[in-house]
Protein chains: 4
Amino acid sequence: MKLGMIGLGRMGGNMARRLMQGGHQIVAFDRDPDAVAKLVADGAEGAASLVEVRGKLDSPAIWWVMLPAGAITEQTVAAIAEGAKAGDIVIDGGNSFYKDDIRRAKMLADRGLKYVDVGTSGGVWGLDRGYCMMIGGDDETMRLLDPVFETLAPGAGKIPRTPGRVHDKVDPRAEKGYIHAGPPGAGHFVKMVHNGIEYGLMQAYAEGFDILKSKSSDKLPEDERFDLNLTDIAEVWRRGSVISSWLLDLTAIALAKDSMLSQFSGHVADSGEGQWTIDAAMEEKVPANVLTAALFARYRSRIEHTFGDQVLSAMRFGFGGHTEIPQ
Amino acid sequence: MKLGMIGLGRMGGNMARRLMQGGHQIVAFDRDPDAVAKLVADGAEGAASLVEVRGKLDSPAIWWVMLPAGAITEQTVAAIAEGAKAGDIVIDGGNSFYKDDIRRAKMLADRGLKYVDVGTSGGVWGLDRGYCMMIGGDDETMRLLDPVFETLAPGAGKIPRTPGRVHDKVDPRAEKGYIHAGPPGAGHFVKMVHNGIEYGLMQAYAEGFDILKSKSSDKLPEDERFDLNLTDIAEVWRRGSVISSWLLDLTAIALAKDSMLSQFSGHVADSGEGQWTIDAAMEEKVPANVLTAALFARYRSRIEHTFGDQVLSAMRFGFGGHTEIPQ
Amino acid sequence: MKLGMIGLGRMGGNMARRLMQGGHQIVAFDRDPDAVAKLVADGAEGAASLVEVRGKLDSPAIWWVMLPAGAITEQTVAAIAEGAKAGDIVIDGGNSFYKDDIRRAKMLADRGLKYVDVGTSGGVWGLDRGYCMMIGGDDETMRLLDPVFETLAPGAGKIPRTPGRVHDKVDPRAEKGYIHAGPPGAGHFVKMVHNGIEYGLMQAYAEGFDILKSKSSDKLPEDERFDLNLTDIAEVWRRGSVISSWLLDLTAIALAKDSMLSQFSGHVADSGEGQWTIDAAMEEKVPANVLTAALFARYRSRIEHTFGDQVLSAMRFGFGGHTEIPQ
Amino acid sequence: MKLGMIGLGRMGGNMARRLMQGGHQIVAFDRDPDAVAKLVADGAEGAASLVEVRGKLDSPAIWWVMLPAGAITEQTVAAIAEGAKAGDIVIDGGNSFYKDDIRRAKMLADRGLKYVDVGTSGGVWGLDRGYCMMIGGDDETMRLLDPVFETLAPGAGKIPRTPGRVHDKVDPRAEKGYIHAGPPGAGHFVKMVHNGIEYGLMQAYAEGFDILKSKSSDKLPEDERFDLNLTDIAEVWRRGSVISSWLLDLTAIALAKDSMLSQFSGHVADSGEGQWTIDAAMEEKVPANVLTAALFARYRSRIEHTFGDQVLSAMRFGFGGHTEIPQ
């Protein structure tokens with residue numbers, strides 16, 4: 001198929017390449033002409049404006065918007081809608097908030113346009129491994145776009161089939177690495193929770209490795225200290241343990257390179273999905289202590305001392321005359 | 001009554017003074033002769049050794065040990081037991097772990113000695129306000145020591161009686177500010193949980209004031225920022241609000257002095273009781289998310305970046321090529 | 001002063017009474033004519049509609065809206081604004097979300113009307129004790145309404161002054177039990193965080209008492225069990241301990257009545273403020289583990305088993321063949 | 001090699017079988033003669049007592065104890081030590097607390113015996129997949145036992161090598177699926193943290209799936225509900241997503257069988273390692289909010305209502321007159 005790729009950053013550029021490798025045609029646009037030029041060198045048609053992109057696409061035009069969530073995606077979708085023809089399809093492949101998807105889908109539907117939201121996992125490895133995709137949209141549009149998603153997805157590959165899955169009764173898409181999650185918004189909602197879980201998993205490993213490393217602390221009695229080889233521990237857990245995972249594989253890679261991880265200071269960013277996941281939990285009244293603690297650990301990693309810590313010190317001084325002894 | 005006070009630090013010295021003000025006689029001992037001299041100036045008999053203390057006490061001798069929990073208390077109790085006569089009473093007024101009390105009480109019972117553990121709350125304010133005490137020991141010893149505890153305790157004072165409390169059916173001690181919690185160990189156990197709760201209460205205020213202060217953050221949309229007067233907020237909550245408390249009073253004092261709390265850096269120590277409370281919760285299989293989070297917030301306050309944070313950064317670099325942007 | 005009280009429930013009715021006792025005049029309206037009749041019996045003028053209320057008020061009219069947060073408050077404010085005259089003042093004394101206040105204040109300003117938001121703490125005890133109030137609005141309106149707030153507030157009473165507070169440099173309102181927190185929205189924001197803290201404090205006590213009670217569990221070794229008197233423990237902590245508070249007083253009352261609290265099953269509701277406080281923390285990127293854990297404990301209290309628990313059981317069966325043994 | 005297998009339950013029996021399939025000889029003992037008979041049928045020598053086991057082993061004898069942690073392991077190790085000859089090796093392959101290992105290793109060393117602790121992950125899948133092992137002991141004993149561990153371990157298999165691992169500079173054991181973690185105790189310590197992480201990972205998935213499932217709740221606005229296919233979501237995340245893992249594979253299997261997981265009620269047991277991990281974190285002063293929340297979620301899953309919940313309800317009734325509305 002032929003589609004316009006709007007936004008040629010790390011994600012958009014590689015997705016366009018994977019699509020071209022799979023036989024699709026790409027009309028490429030980015031605010032940065034160099035990014036367009038690079039993709040043209042890799043086989044895409046370039047375009048200097050959204051209008052020019054539309055001109056190079058057939059009807060219904062397929063627009064894949066791959067931009068940072070927020071204002072820029074919002075404006076771009078609006079601009080595309082402005083110049084679109086009835087039946088055109090706008091795909092938001094970024095990390096938009098799912099309630100924005102619901103709203104935008106209604107807005108586009110009023111103009112006879114289709115809206116599809118694609119939550120994508122796989123990071124910088126996606127070009128080679130394929131992208132795991134969670135998709136919101138209507139059935140008909142979903143069917144139309146299947147060839148695109150099949151190319152982007154990892155496919156069944158060598159991953160063993162899930163025992164007990166009755167293959168003639170279920171949607172075959174999941175095994176190929178993408179799903180039709182539901183109506184517009186459902187794709188990004190599932191991706192949002194995916195990221196919430198991701199935070200939780202990461203923090204579980206982080207705390208575990210912290211406990212392992214701190215077992216050599218001289219705060220402990222001398223005969224209860226261990227000087228553990230974290231690199232080997234991560235490696236061995238990859239092999240037959242209950243906690244093997246891709247995130248553990250990545251941890252093993254990092255520790256193999258430098259068991260002190262001295263390249264990393266420990267300021268950990270968080271994207272919107274973590275926070276939105278907690279919002280969703282609160283809306284649903286679902287307790288989510290682990291996912292929340294994981295999010296808050298990231299906030300805390302970026303603060304030297306909270307004002308709350310100072311309040312604690314002030315109270316301790318107040319009732320006990322305790323002065324602070326930095327450690 | 002006449003009793004030996006062993007350990008004349010901030011707590012022991014003031015308790016001895018309050019006892020003398022209440023008409024009791026004190027034989028004072030401390031490793032630091034200056035501390036002894038000061039208390040002698042306030043009316044105590046001094047002693048230069050535990051043996052000398054015993055010589056100045058009648059039988060049964062009453063020993064009040066007021067030392068840091070751990071090795072020094074352990075050794076002192078053992079040394080006292082060594083030189084004690086049957087019927088003597090050893091009181092541990094420090095912050096010992098209650099399982100140590102249970103063990104020591106058995107050890108002393110084997111020698112015909114009595115052991116009493118007193119958990120004390122009130123901090124540096126106790127000299128004036130009196131000490132709230134939670135006491136473990138046998139009934140008879142408890143009755144013998146009542147005059148001592150009555151003097152140390154705050155008494156009923158102006159605090160309103162609890163509606164619904166049937167005064168002729170309950171132990172009158174509680175209204176005077178001390179209780180016989182149970183057998184040896186029970187006093188420190190109740191005090192331990194008291195401190196666990198204290199951590200939780202403090203952290204709840206700390207987080208709340210942090211949220212209030214951070215409401216002026218320039219990360220927020222401009223029309224959603226408030227520059228709040230924390231000093232006045234603490235003050236007004238003291239008056240008729242659901243969250244009024246003594247800890248809030250102390251917070252109001254600290255904020256009245258300096259609303260930025262700039263005297264405090266935010267390195268917050270924790271004593272054993274917080275940790276032991278979580279241990280107790282785990283032994284009992286009681287979920288204690290708030291008390292644990294409060295304890296962990298203190299650990300975190302003393303760490304610049306955890307190794308766990310570095311593990312998170314390493315994973316994020318691994319799957320997304322994300323580099324750290326310190327904020 | 002003369003003001004209209006809209007909503008005569010538990011809160012609104014008592015506030016109207018306290019105002020009349022303080023010499024103010026009330027025009028009372030409620031959808032329930034019986035509620036109006038009761039207040040008329042206590043000295044108010046009744047009204048059968050918002051229009052009638054306006055007719056009985058001078059200019060600028062002062063409207064105190066005391067209704068459940070959400071649609072009904074929204075509609076009532078809109079209806080009042082419809083019939084108001086320039087300079088009229090609308091006070092929302094309920095528990096509205098502060099962003100709704102910001103929005104409404106702008107809407108009313110466009111019509112030349114004033115908007116004031118009042119967060120109120122004190123519960124059913126307010127009629128006697130007075131109401132602690134956190135108020136958002138402009139300076140001029142605040143000054144105009146001072147007589148109303150002074151009457152509603154507890155006043156300085158017998159509560160000791162905060163040492164270090166420099167009384168000639170600070171707003172005297174805080175000592176009387178109310179503050180001008182900032183522009184519209186600031187009152188409800190401070191009240192929201194107040195409630196967030198309230199949840200945290202309550203959960204800290206709840207976990208502590210749970211640990212105390214469970215210390216008699218037969219899961220524990222026999223010589224480590226204590227059968228503790230929770231009623232006396234709550235009572236003694238009221239007297240000189242670091243954790244004394246009004247919430248503890250209430251706990252002591254409840255335990256004095258029935259130490260098993262058998263009247264209460266443990267389904268704990270949560271109002272919007274707890275959730276909004278966590279939202280605010282996330283917007284500000286402030287870690288708030290204790291306040292969140294307190295909120296989630298309430299969600300969990302209303303669920304028999306989470307689906308998450310079932311997922312855990314399914315995994316445990318998957319890797320270990322573990323079957324569930326209900327306890 | 002020839003070794004005695006003491007304890008032929010689900011774990012011990014299968015490990016013995018895997019060892020025999022790898023060419024080792026097993027002398028099998030269990031309190032249950034049927035268990036011995038079954039293993040004899042599979043090729044082992046049987047024994048009716050520990051003494052008989054020793055008689056059938058060469059010197060140094062190798063004992064693999066595979067029993068529940070606690071009293072039974074303690075007694076069995078003591079009994080073996082009683083009848084052992086200098087140089088004999090006792091392996092504890094169960095889930096003992098690592099401080100017990102340190103103590104036992106010293107006790108055995110006094111008698112000229114070697115002690116090895118093996119933490120094992122892999123569950124019921126180990127017979128086929130091999131067991132991931134974390135081992136504590138001295139270097140010489142470790143080398144002696146290498147053939148045993150190599151047989152039990154999964155081996156490198158098809159799992160891709162970790163990029164960046166410099167194979168001629170590192171212990172080759174880790175790639176085969178077992179490590180020499182350190183001196184006695186280190187094996188079980190690493191396994192303990194492994195299980196702590198396991199709890200955290202499981203709870204992260206559990207909360208995520210709970211949030212997905214509850215998105216169909218009728219508490220939500222109708223146009224924000226999604227009725228998501230959890231089975232397909234688990235399936236698609238196995239393929240290229242950041243959160244793919246073996247625990248997710250198991251979840252996918254369970255959901256493929258029954259997306260409601262109606263076989264499971266949600267009473268979730270916890271073994272000692274989760275609690276010990278939090279103990280270790282507290283000893284090291286490492287914040288571990290996620291691992292702790294995961295543990296507490298399990299406690300909570302087994303309680304209908306906590307006493308703490310009742311305390312909350314009692315307070316709410318106290319200050320607000322709120323009555324409980326079960327939901």
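Copies are superposed here by least squares on the C-alpha atoms of residues with pLDDT of at least 70 in both. The model is a predicted one, and with that in mind, chain B can be laid on chain D with an RMSD of 0.1 Å. Getting there takes a turn of 180° and a shift of 0.0 Å along the axis, so the two copies are related as by a two-fold rotation axis. Looking along chain B for the C-alpha nearest that axis, one lands on Asp279(B), 3.6 Å away from it. The two copies also use the same surface: of the contact residues of chain B, 100% turn up again in chain D.

Next comes the pairing of chain D with chain A. Here 89 residues of chain D are in contact with 89 residues of chain A. The size of an interface is often given as the accessible area lost when the parts come together. For chain D and chain A, the buried area comes to about 7500 Å², with carbon and sulfur atoms giving 68% of it. On the chain D side, the residues that lose the most area to chain A are Ile211(D), Arg239(D) and Val242(D), and together they make up 11% of what that side buries.

Between chain D and chain A the count is six salt bridges. Glu224(D) and Lys99(A), for instance, bring their side chains together in a salt bridge, at 3.2 Å from N to O. As for which part of chain D does the touching, the largest share of its side comes from helix 9 (residues 186-213), which supplies 17 residues. Sorted by class, the side of chain D that touches chain A holds 48 nonpolar residues, alongside 22 charged and 19 polar ones.

Within chain D itself, there is a sheet to describe. Eight strands make up an open sheet with mixed pairing, and their order is 3-2-1-4-5-6-7-8. At the edges sit strand 3 (45-46) and strand 8 (178-182) of chain D, each of which pairs on one side only. Further in, strand 6 (residues 114-121) and strand 7 (residues 132-136) of chain D run antiparallel and are joined by five bridges. Asp117(D), for its part, has Gly136(D) in strand 7 of chain D as its bridge partner.

Definitions and conventions: Residues numbered from 1 in each chain as written. Chains lettered and ligands numbered in written order. Predicted model: local features only at pLDDT ≥ 70, side-chain atom pairs only at ≥ 80, totals over all residues. Heavy atoms only, no water. Contact = heavy atoms within 4.5 Å. Buried area = accessible area lost by both parts, 1.4 Å probe. Salt bridge = Lys/Arg side-chain N within 4 Å of Asp/Glu carboxyl O. Helix = DSSP H or I, 4+ residues; strand = E, 2+ residues; numbered from the N terminus. Nonpolar A, V, L, I, M, F, W, Y, C, P; charged D, E, K, R; others polar. Pairing = 2+ DSSP bridges.
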